[in-house]
Amino acid sequence: MTVKVYDKIPHEAKKIREDVFVKEQGFKAEFDGIDDFAVHFVMFDDDKNAVAVCRAFTEENPKEYHLGRLAVRKEYRGQHLGEEILKEAEMHIKSLGGKAVLLSAQVRVSDFYAKQGYEKFGDIYYDEFCPHIMMKKEL
């Protein structure tokens with residue numbers, strides 16, 4: 001597996017996010033203006049098929065990055081690819097001078113992020129009728 005980094009959202013990332021978040025999970029507002037300035041990570045298998053994605057961006061504090069839209073194609077789940085692409089994104093963020101990563105996790109997958117060293121903070125809130133919680137990891 002290899003991970004490529006893009007300054008603009010590539011077609012492969014759009015397709016995976018559409019399949020996972022829109023078609024599979026029912027989110028309607030998947031794409032936003034953040035896609036125009038976020039760094040996008042796409043994981044490819046040995047046959048050059050895009051299998052996982054996520055994005056990262058910073059706002060006011062250049063030492064804190066926001067990571068999100070992590071998705072793995074259904075047929076590739078259970079192979080630790082989410083962990084792998086997350087680690088690649090964290091290493092890239094660290095290379096840019098990032099000291100911490102924030103993310104908004106669906107509550108149902110917050111244990112996945114906790115196992116990767118993220119800590120929950122704040123109250124549960126709803127995004128498109130789905131409960132989310134903020135999480136943070138110091139790099």
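Predicted model: local features only at pLDDT ≥ 70, side-chain atom pairs only at ≥ 80, totals over all residues.

Modeller: Residues are numbered from 1 along each chain as its sequence is written, and side-chain values use heavy atoms, with hydrogens and water left out.

Colleague: In what order do the elements of the protein run from the N terminus on?

Modeller: Helices (H or I, at least four residues) and strands (E, at least two) are DSSP runs, numbered from the N terminus. The protein has three helices and seven strands. Their order is β-α-β-β-β-α-β-α-β-β.

Colleague: What radius of gyration does the protein have?

Modeller: The radius is taken over C-alpha atoms, and the globule rule is 2.2 Å times the number of residues to the power 0.38. The C-alpha atoms fill a box of roughly 40 × 35 × 30 Å along the principal axes. For 139 residues, a compact globule would come near 14 Å, and the protein agrees, at 14 Å.

Colleague: What percentage of the 139 residues is buried?

Modeller: Buried means under 20% relative accessible area, exposed over 50%, partly exposed in between (1.4 Å probe, protein chains only). By that rule, buried residues make up 43%.

Colleague: How far apart are the mean positions of the positive and negative charges?

Modeller: Lys and Arg count as positive, Asp and Glu as negative; His and the chain ends are not counted. Each charge is placed at NZ of Lys, CZ of Arg, CG of Asp or CD of Glu. There are 22 positive and 26 negative charges, and their mean positions lie apart by 1 Å.

Colleague: With which side chain does the side chain of D19 make a polar contact?

Modeller: D19 sits in helix α1, residues 11-24. D19 is buried, at 18% relative accessible area. A polar contact is a pair of N or O atoms within 3.5 Å; within protein, one must be able to donate a hydrogen and the other to accept it, and residues adjacent in sequence count only if both atoms are side-chain atoms. At 2.8 Å, the partner of D19 is R73.

Colleague: Which residue's backbone oxygen does the side chain of K137 reach?

Modeller: K137 belongs to strand β7, residues 130-138, and counts as buried at 17% relative accessibility. Its side chain also has a polar contact of 3.1 Å with the side chain of E90. The backbone oxygen, at 2.7 Å, is that of Q116.
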